[in-house]
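Please keep the sequence and the 3D view open while reading.

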Amino acid sequence: MRLLSPAISRLARLRIWSIDQWLNDPVTTQFSVWQDLIGAGQYTEFGRQYQFSQIQSLGDYKKRIRINDYDALKPYIDRMMKGEENILWNTPINWFAKSSGTTSDRSKFIPISEESLKENHYKASKDVLAFYYATHPNSDLLTGKGLIIGGSHQINSVNEEVHYGDLSAVVLQNSPFWSNWLRTPDLSIALMDEWESKIEKLAHATINENVTSMAGVPTWLIVLIRRILEITGKSTIKEVWPSLELYMHGGVSFVPYKQQFEKLVGDHINYLEMYNASEGFFAAQDDIDKEGMLLMCDHGVFYEFMPVSEYESDEPRTIQLDEVEVGKNYALVITTTGGLWRYLIGDTIQFTSLDPFRIKVSGRLKHYINAFGEEVIVDNSDQAIAIASQKTNSIVNDYTAAPVYFSEGDNGAHEWLIEFEKEPENLEVFVQELDKALQSINSDYEAKRHRNIALRLPLVRVVPKNTFSNWLDSKGKLGGQHKVPRLSNNRELLEEIITFIS
């Protein structure tokens with residue numbers, strides 16, 4: 001099997017050559033992607049309604065099509081799920097990725113066309129592999145198996161032609177048969193719905209495999225690794241899988257988990273971040289030594305970037321790649337080969353580099369705290385938690401935070417519910433370090449904290465272990481990509497969790 005590595009490296013270099021073709025001119029590439037999307041869309045009901053055939057420029061497109069959220073496209077999607085064709089996209093849509101927000105009981109069904117799979121999800125996955133082999137030509141990655149913790153939803157059928165499941169279930173269900181040789185466990189376990197049983201079966205099914213890579217949400221992977229170590233009596237997962245060399249993560253920030261993860265792994269492995277959502281595979285690290293993920297510009301997705309200050313304005317302005325700036329917060333607006341036209345997905349991103357265009361996910365449009373003008377985003381809070389944990393030798397499993405409003409005699413504050421894996425010896429010191437870190441990261445927060453003018457020291461409440469997973473379970477959202485919102489600009493979610501644990 002070791003002989004595979006040079007051959008795979010050569011194939012990876014060939015693919016890198018094709019990637020370089022669009023990487024050399026991403027702005028023009030994006031315009032070509034947009035033209036192809038408009039060309040296909042003009043044959044749909046949506047395209048006829050908005051006269052795609054008469055669109056002459058990107059300016060025309062923006063004037064004709066408003067920015068859409070899921071509710072705006074839902075009537076079209078509902079018809080597609082009943083089997084109607086040529087509604088939002090001009091080829092049959094037989095698959096939908098089920099996606100639901102943590103705080104909403106309503107599911108979203110994202111259309112997945114054959115083009116979505118081939119030109120986006122599968123193509124981007126191959127490119128990630130090419131990136132990795134380009135920087136690690138002697139890797140043994142494909143001489144073993146990739147451990148994938150899939151989604152938590154079985155495939156469901158609306159009718160004989162139309163099916164849905166979460167994204168990983170849809171991708172696994174449609175992937176070529178030979179991919180089964182490269183991954184573990186088999187589909188019967190990977191797509192199990194009930195997470196407690198699933199972790200147990202995952203552990204026993206993978207212990208004796210030659211696992212060289214892992215992919216999945218860090219919280220569930222940590223639970224799995226701990227169970228495997230319990231069963232085997234080993235101290236680290238590298239003792240179980242000595243050839244393990246790569247962990248591919250995404251969906252939530254890895255920053256708060258890295259310290260805990262490295263301890264469980266026990267030896268050096270590589271970490272690679274991906275931005276793969278139900279709506280599309282948007283970005284991945286092309287170089288594990290560089291900050292940010294390379295934006296996939298030739299993968300069937302056209303991007304617009306809405307300055308966050310435009311959110312909720314009557315006619316929000318969007319810009320293109322040639323106008324973006326490093327470090328500014330943008331909401332991502334996409335047009336895709338699944339028929340999502342100028343779709344606001346709710347994520348916010350920042351560019352870390354403009355040559356090439358690399359991004360990082362900074363948070364969600366609705367997940368922030370700005371009750372006092374402090375503009376704290378999830379990227380800030382994740383970094384601050386990591387710094388405070390490191391300085392107090394503690395480990396955080398999960399957290400959420402919300403504002404405490406002004407009251408008679410008291411200024412405002414942020415209240416944090418924190419679930420520790422390893423509690424700090426002195427909670428007051430942890431709070432002070434958390435506060436200092438936030439001030440160093442966010443100048444608006446620092447200004448509001450000056451002499452306690454607007455904000456006093458954060459209030460931290462330690463919650464019992466498994467609080468957040470039990471709360472998610474109570475809402476039927478345990479497992480997969482479901483996660484607790486880190487930040488809220490009101491107290492509704494925080495109060496709900498406090499009530500739940502009491």
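Contact, as the word is used here, means heavy atoms within 4.5 Å.

## Basis of the model

This is a predicted model, in which local features need pLDDT of at least 70 and side-chain atom pairs count only at pLDDT 80 or more, whereas totals for chains, interfaces and linings use all residues. Residues are numbered from 1 along each chain as its sequence is written, and side-chain values use heavy atoms, with hydrogens and water left out.

## Surroundings of Gly338

Gly338 lies in the loop between β13 and β14 (helices, H or I with at least four residues, and strands, E with at least two, are DSSP runs numbered from the N terminus). Leaving aside residues up to four places away in sequence, Gly338 touches Met80, Trp89, Ile93, Pro111, Ser113 and Ser116. Its relative accessible area is 0%, so Gly338 is buried; buried means under 20% relative accessible area, exposed over 50%, and partly exposed in between, with a 1.4 Å probe and protein chains only. From Gly338 to Asp289 there are 49 residues in sequence and 33 Å in space, C-alpha to C-alpha.

An open sheet with mixed pairing is formed by 11 strands in the order β6-β3-β7-β8-β9-β10-β11-β15-β14-β13-β12, where two strands pair if DSSP finds at least two bridges between them. At its edges are β6 (183–184) and β12, each of which pairs on one side only. Strands β13 (residues 330–336) and β14 (residues 343–354) run antiparallel and are joined by 4 bridges, and Tyr330 has Ile349 in β14 as its bridge partner.

Helix α6 lies across β8 (246–249), β9 (270–277), β10 (280–284), β11 and β12, and runs at about 15° to β10. For such angles, axes are lines fitted to C-alpha atoms, for helices over the stretch in contact, and the angles run from 0 to 180 degrees between N-to-C directions.

## Cavities

The whole structure holds 3 cavities of 30 Å³ or more, a cavity being a set of points, on a 1 Å grid over the protein atoms alone, where a 1.4 Å probe fits but cannot get out, with lining residues having an atom within 4 Å of a point. The largest cavity has a volume of about 70 Å³; grid points are joined across faces, edges and corners, and a volume is the space filled by probe spheres set on the points.

The lining of the largest cavity includes Pro111, Ser116, Asn120, Glu279, Thr337 and Gly338. Both β2 (107–112) and α6 supply at least two residues of this lining.

## Salt bridges

Across the whole structure there are 27 salt bridges, each a side-chain nitrogen of Lys or Arg within 4 Å of a carboxyl oxygen of Asp or Glu. One of them joins the side chains of Arg15 and Asp127 at 2.5 Å, N to O, and this pair links distant parts of the chain, with Arg15 in helix α1 (residues 4–23) and Asp127 in helix α6 (residues 114–135), 112 residues apart. Arg15 is partly exposed at 25% relative accessible area, whereas Asp127 is buried at 2%.

Another salt bridge brings together the side chains of Asp298 and Lys123 (3.4 Å, N to O), linking the loop between β11 (293–295) and β12 (301–307) with helix α6 across 175 residues. Asp298 is partly exposed, with 30% relative accessibility, and Lys123 is partly exposed, with a relative accessible area of 22%.

Methods
1 Å grid on protein atoms, 1.4 Å probe; cavity = no way out; pocket = protein on both sides within 12 Å on 5 of 7 lines; lining within 4 Å.
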